[in-house]
Amino acid sequence: MVEEVIPVEAKVEDRAETKIEDKVATKVESKVETKVEEKVLSFDDWVKVELRVGLIEGVDDIEGKDKLYKLSVDFGEQGKRTILAGLKPYYSKEEIQGKKTTFVFNLAPRKMAGFESQGMILAAKNNENKYKITFIDDSVPQGTKLE
């Protein structure tokens, strides 16, 4: 019977490569798990986010800003708010005025372009990298909380 003779150096090299590959794989898996964990929102955090339907009553340009609109939004019994939104490249004023859509209602106010924005409109990018808004049916009153 003929046995294959493998030099000791080759065995050591093979084991070292395997250990290195295992370490790299473990680090990569760990980083992927960490990134996924960073994006996971606990249920306790989720229930803090208040999404409400708002009626966009006014859409104004902001001097010197080519992307921002200043929206006047009616939330029914919750009152009216000013919300700044970077939708100018994607929608004309006429396309969004008088429409109902979804807003993050309990977002901390933020100073932008000299105004205080008191919420955030929800929008998604389409396959052309353009923001699109989901409009809400008129049968849903402004101020309605999304569940």
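Here is a quick briefing on the fold, the surface and an aromatic cluster of this protein.

This is a predicted model, where local features need pLDDT of at least 70, side-chain atom pairs count only at pLDDT 80 or more, and totals for chains, interfaces and linings use all residues. Residues are numbered from 1 along each chain as its sequence is written, and side-chain values use heavy atoms, with hydrogens and water left out. The protein has 3 helices and 9 strands (DSSP runs numbered from the N terminus: helices are H or I with at least four residues, strands are E with at least two).

**Fold**
- Along the sequence, the pattern reads α-α-β-β-β-α-β-β-β-β-β-β.
- An open sheet holds 5 strands in the order S3-S2-S1-S4-S7, with antiparallel pairing (two strands pair if DSSP finds at least two bridges between them).
- At the edges sit strand S3 (80–85) and strand S7 (120–121), each pairing on one side only.
- Strand S1 (residues 51–61) and strand S2 (residues 69–74) run antiparallel to each other over 6 bridges; Val59 has Leu71 in S2 as its bridge partner.

**Burial and surface**
- Of the 147 residues, 22% count as buried (buried is under 20% relative accessible area, exposed over 50%, partly exposed in between, with a 1.4 Å probe and protein chains only).
- The protein exposes about 11,000 Å², and carbon and sulfur atoms supply 51% of that (areas come from the Shrake-Rupley method with a 1.4 Å probe; for residues, only the protein chains shown count as cover).

- Val49 is in the loop between helix H2 (43–46) and S1, and is partly exposed at 32% relative accessible area.
- Glu50 lies in that loop between H2 and S1 too, but counts as buried at 18% relative accessibility.
- Leaving out residues up to four places away in sequence, Glu50 touches Phe103, Val104, Phe105, Asn106 and Lys145 (contact means heavy atoms within 4.5 Å).

**Aromatic cluster**
- The whole structure has 4 aromatic pairs (ring centres of Phe, Tyr or Trp, the latter by its six-membered ring, lie within 6.5 Å; planes under 30 degrees apart are stacked, over 60 edge-to-face, the rest tilted).
- Phe75 and Phe103 pair edge-to-face, 5.4 Å centre to centre with 80° between the planes.
- Phe75 is in the loop between S2 and S3 and Phe103 in strand S4 (residues 100–104), so this pair ties together parts 28 residues apart in sequence.
- Phe75 also pairs edge-to-face with Phe105, at 4.9 Å centre to centre and 70° between the planes.
- Phe75, Phe103 and Phe105 form one aromatic cluster; Phe75 is buried at 1% relative accessible area, and Phe105 is buried at 9%.
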